[in-house]
Amino acid sequence: MDIKSSIKNKLVSYFGIILGVSFLVIAIAANKLCQSIMESDTVKYLEKAVSSTSNQVNMILEQKKQDLEQIAQLQEINSSKSTIEEKLTVLKYLSNIAAFEEIAFVDLEGNKYSTNASKENISDSQAFKVVSDIKQAFIEVVQVEEEPMLSICIPVVQEEELIGMLIGLDFMQDFDSVLNNIECADEYVLLDVNGTIIAHSARETSNILVHMEQIANQEEYNEAYDLFKTMSEGKQGTRLCKGIKTKGKNYVGYAPTGMGWSLALVSDRSDIMFSTFIHFNIKLIGIMMILIVVAIVIVHSIAKSFANQMSELVSCMEDMASGDLEKPVPKSLIEQKDEIGDLARAIRTMKLEIQEMLSTIKHCTDYMNEQMEDLTVEIKDAIKNALVLENRKLDERYQEDIIQHLKMLNRISEILPDFHIVKRDKI
C-alpha cells in the first residue's frame, strides 16, 4: 500500500505543480491581453464620447447663434431709422425669450448699449474688429464680474450694409450640464478660438479665465500645454497625457467643436486599469478554481488506477519471492498496450522461465539421487570385501579400485552436503 500511496501522491503533486505554473503563465498572459483590449476599447469609447460631446457643444453654440441672428433680422433692430432706445426696448423683452442673460446693441463707433442703460466703448475688442471687418459672427467667453460668460457677437445688416452689432451674453450653465454628465471622462477642458480655457473640471474654486500661454512656462503643465496647442490648431485624436486635475498618465481624446472651439476629455487610466484588473481577475480566479478542482479529480482518478495496477504487479512479484509461482499475472494487465502491459508480460515471462528452470533442476536432482543409490550399493559391497580381506594382502589393482570409489564418494558428498559417507581412514 505504501507504493500505491507514493505513486498516487507524486502524480497528483507533480501535476498540481505543472497545472499551477501553467495557470500562472496563462493568468499573466490573459491580464496583458485584457489590458491591451481594454486600453483599445477605452480609446475607441473616448473618441466616440469626444465626438458626441463636441457635437452637443456645437449644437448649443449654433442654437444660440441662430436665436441671436433671428433677433438681428427683426425690423426694429436692423432698421437705421430705429433709435437706440427703441432697439433696447425690443432687446430687453427678447432677452428673456431667447434665453440670454443680456443682449446689447453696438453701433459702428464701438459704443455698446446694454438693456440696463449702461454704455461702454468696445472698439478695441477683438469681437468688434472681427465683425466689422468680415461681417461674420464671433463667439468668445469673457469675464464679467469674475464670472465667465458666453459672448456671441452678430452683425446687424440692412440691405447688405452694416449698421451695428448685437452681443448676446449668457452663463456657461448649458455647457456645464453637458460636460459634467460624461460617464467616461474624469476631466474635461474646453478651449475657445483664442486658446482660452473657458471650461475646466479642475476649476472648482475660481472662475477666472486662463489662457493657455499662462501655463506655457510651468514644467508640470508641459504636456497639457502641448495638448492645448494641438487643440487650438483644430486637430482631432487621442493620446496618453498628464492632465491638470488627474496627474498621472491618462487617455485624452480631443476634437474641434465648431466656431473655432475645441474640447478635450480625460479618462483616468489607473481607474480603468484597476477596475478592469479586479473584475477580470475575479472571473479568471473563479474559472481557474473550477478547472483546478476538475483537473485534480481527473488526475486523482488516473493516479489511483495507475497505482492499483502497480500494486497488482508488486503483489505478483512478492508471491514469486515467497515461492508461489502458481498465481497468474492478471490478464487485464497483460492485455494492456502500454508500459504497464510490457511490465506485466515481462513478469509472466520471468515466472515461466523460473518454473521451467525449477523443473529442470528437479529432474537433474532425481537423476542424481538414482545414481547415488547405485553408487552407495557398490560402495557397500566394496567395504564388505575390504573387511573380508583385512588380514590378507590385497593386490594393487583391487586396492586402486576401492580408492577410486572412495574419492568419487567424497566428491559427491562435497556437492551434496546432506549426503554423508564414512571416510577412508575409518574403513
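Glu373 is found in helix 9, which spans residues 339-388. Helices (H or I, at least four residues) and strands (E, at least two) are DSSP runs, numbered from the N terminus. This is a predicted model, in which local features need pLDDT of at least 70, side-chain atom pairs count only at pLDDT 80 or more, and totals for chains, interfaces and linings use all residues. Residues are numbered from 1 along each chain as its sequence is written, and side-chain values use heavy atoms, with hydrogens and water left out.

**Surface patches**

Glu373 is exposed, with a relative accessible area of 56%. Buried means under 20% relative accessible area, exposed means over 50%, and partly exposed lies in between (1.4 Å probe, protein chains only). Glu373 belongs to a patch of negative charge on the surface.

Patches are made of residues with over 30% relative accessible area and no salt bridge; like charges are joined within 9 Å, and nonpolar side chains (Val, Leu, Ile, Met, Phe, Trp, Tyr) within 5 Å. Lys and Arg count as positive, Asp and Glu as negative, while His and the chain ends are not counted. The place of a charge is taken as NZ of Lys, CZ of Arg, CG of Asp or CD of Glu. Accessible areas come from the Shrake-Rupley method with a 1.4 Å probe; for residues, only the protein chains shown count as cover.

Val25 sits in helix 1. Val25 is exposed, at 52% relative accessible area.

**Salt bridges**

A salt bridge is a side-chain nitrogen of Lys or Arg within 4 Å of a carboxyl oxygen of Asp or Glu. The count by this rule is nine salt bridges. The table lists some of them.

| Salt bridge | N to O distance |
|---|---|
| Asp170 and Lys64 | 2.5 Å |
| Lys112 and Glu120 | 3.8 Å |
| Asp342 and Arg345 | 2.6 Å |

Asp170 and Lys64 form a salt bridge at 2.5 Å. This pair links distant parts of the chain: Asp170 is in strand 6, Lys64 is in helix 1 (residues 2-72), and they are 106 residues apart. Both Asp170 and Lys64 are buried.

Lys112 is buried, with a relative accessible area of 11%. Glu120 is partly exposed, at 44%.

Asp342 and Arg345 stand three residues apart in helix 9, so about one helical turn separates them. Asp342 is partly exposed, at 45% relative accessibility. Arg345 is partly exposed too, with a relative accessible area of 24%. Elsewhere, salt bridges that share partners join Lys64, Asp170 and Asp174 into one network.

**The aromatic pair**

Rings of Phe, Tyr and Trp (its six-membered ring) pair if their centres lie within 6.5 Å; planes under 30 degrees apart count as stacked, over 60 as edge-to-face and the rest as tilted. The count by this rule is one aromatic pair. Phe175 and Trp261 form this tilted pair, with 5.7 Å from centre to centre and 45° between the planes. The pair links distant parts of the chain. Phe175 is in helix 5 (residues 173-179), Trp261 is in strand 12 (residues 261-267), and they are 86 residues apart. Phe175 and Trp261 are both buried.

Glu159 lies in the loop between strand 5 (147-158) and strand 6 (161-171). Its phi is near 50°, a positive value in a residue other than glycine. Glu159 counts as exposed, at 76% relative accessibility.

Glu160 lies in the loop between strand 5 and strand 6. Glu160 is not a glycine, yet has a positive phi of about 60°. Glu160 is exposed, with a relative accessible area of 72%.

Helix 6 covers residues 222-232. Its buried residues are Ala224, Tyr225, Leu227, Phe228, Thr230 and Met231. Gly234 follows helix 6 and has a positive phi, near 80°.

**Around helix 4**

Gln126 is placed in helix 4 (residues 126-134). Gln126 is partly exposed, with a relative accessible area of 40%. The C-alpha atoms of Gln126 and Glu140 are separated by 9.5 Å. Along the chain, Gln126 and Glu140 are 14 residues apart.
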